[in-house]
Structure formats: structure tokens, C-alpha cells
Amino acid sequence: MKNYRYSYIALCASYLLYYISLGAFSPFLNIYYERIGLSGSQIGFITSAGYIVAMLFSPVWGAITDKNHKYKSMIAFLSLTTTLLTILWKQQTFFLFIFIFSLLLNIFRSNIGNLLDALAIQSCKENNKEFSF
């Protein structure tokens, strides 16, 4: 039971950090792009391309993780890579580089929430708990 409590707290903290970072970052992204001088079509292109690569790469990360069953390691890898790419993305001022780093960010960020869900479900199954309320 002690191990479950630690897992529960760690999962709650992970969810909290993940969704706080998305909530603090995502709503202001287009405003940031506008302030650095990108046009509306450039902003739309970056945003839509990001959703497309997220949709394409999410199953890839899921398949890799399902194959090796290392959810925690994959979440840590994706989170650290996303953090590093965010720092590098913020330093870009030229449209092409902003676009490339935005795509890379979406590739690595796209599956963190899904993997957190999978880890939570796995933890619940291991401890005979329900995932929902």
C-alpha cells in the first residue's frame, strides 16, 4: 500500500506539472508568434503542422512504449527532450527555425499525456484500484 501511495502522489504531481505547463504555454503561443513578427498565415501554418505531426507521432511513441513497457523512462525522456527543445525554440527568430523547432516540440510533447494515462491505468491494475471515480 505504501508503494501505491507513492505512485499515486508521483502521478498526481506529474499530471499537475504537465497540465500546468500546457496551460501556461499554449494560450499565449499565437500571441508570442505575432509579437515576434510572424504573419497570420505563418502562425496558422506552424500551428496546423504541429497538430499534424502530433497526430502522426503519437502512435509511434505509444508503440515504442508498449513494446518495451518502460512508461516512466519514456515519460522522463519525452519531458526532458521537450524542455530542451522549448529552450532552443525560444531562442529562434527566423521563421524556418521556429517552424522546425515547433514541429520537433510537437513530436516529443504529443504523447506525454497519453503515457501518463497509461501509467495511471497500469498502476491502478497492479493495485486493484479503479481508474475512474
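This is a predicted model: local features need pLDDT of at least 70, side-chain atom pairs count only at pLDDT 80 or more; totals for chains, interfaces and linings use all residues.

Tutor: The protein chain has 6 helices and 0 strands, and along the sequence the pattern reads α-α-α-α-α-α.

Student: What are the rough dimensions of the box that the C-alpha atoms fill, and what percentage of the residues count as buried?

Tutor: Taken along the principal axes, the box is roughly 55 × 30 × 25 Å, and of the 133 residues of the protein chain, 36% count as buried. The accessible surface comes to about 8,800 Å², and 67% of that surface belongs to carbon and sulfur atoms.

Student: Why is Ser58 called buried?

Tutor: Ser58 has a relative accessibility of 14%, and the word buried is used for values under 20%, so Ser58 counts as buried. Ser58 lies in helix H3, which covers residues 40–68, and, leaving aside residues up to four places away in sequence, Ser58 touches Ser110, Asn111 and Asn114.

Student: What makes Ile52 partly exposed?

Tutor: The relative accessibility of Ile52 is 47%, and partly exposed is the label for values between the buried limit of 20% and the exposed limit of 50%, therefore Ile52 counts as partly exposed.

Student: Which residues form the nonpolar patch on the surface?

Tutor: The patch is formed by Ile52, Met55, Leu56, Phe57, Val60 and Ile64, which together have about 540 Å² of accessible area.

Student: Why is Thr47 called partly exposed?

Tutor: At 25% relative accessibility, Thr47 falls between the limits of 20% and 50%, so Thr47 counts as partly exposed. Thr47 is found in helix H3, and from C-alpha to C-alpha Thr47 and Leu116 are 24 Å apart in space, with 69 residues separating them in sequence.

Student: What makes His69 exposed?

Tutor: His69 has a relative accessible area of 56%, and exposed is the word for values over 50%, therefore His69 is exposed. His69 is found in the loop between H3 and helix H4, the latter covering residues 71–90.

Student: What is the phi of His69?

Tutor: His69 has a positive phi of about 55 degrees although it is not a glycine. This deserves a remark because most residues other than glycine have a negative phi.

Student: What percentage of the contacts between residues at least 6 apart in sequence join residues at least 24 apart?

Tutor: Within the protein chain, 72% of those contacts join residues at least 24 apart.

Student: How far apart are the mean positions of the positive and negative charges?

Tutor: The protein chain has 10 positive and 5 negative charges, and their mean positions are 9 Å apart.

Terms used. Residues are numbered from 1 along each chain as its sequence is written. Side-chain values use heavy atoms; hydrogens and water are left out. Helices (H or I, at least four residues) and strands (E, at least two) are DSSP runs, numbered from the N terminus. Buried means under 20% relative accessible area, exposed over 50%, partly exposed in between (1.4 Å probe, protein chains only). Contact means heavy atoms within 4.5 Å. Accessible areas come from the Shrake-Rupley method with a 1.4 Å probe; for residues, only the protein chains shown count as cover. Lys and Arg count as positive and Asp and Glu as negative; His and the chain ends are not counted. The place of a charge is taken as NZ of Lys, CZ of Arg, CG of Asp or CD of Glu. Patches are made of residues with over 30% relative accessible area and no salt bridge: like charges are joined within 9 Å, nonpolar side chains (Val, Leu, Ile, Met, Phe, Trp, Tyr) within 5 Å. A salt bridge is a side-chain nitrogen of Lys or Arg within 4 Å of a carboxyl oxygen of Asp or Glu.
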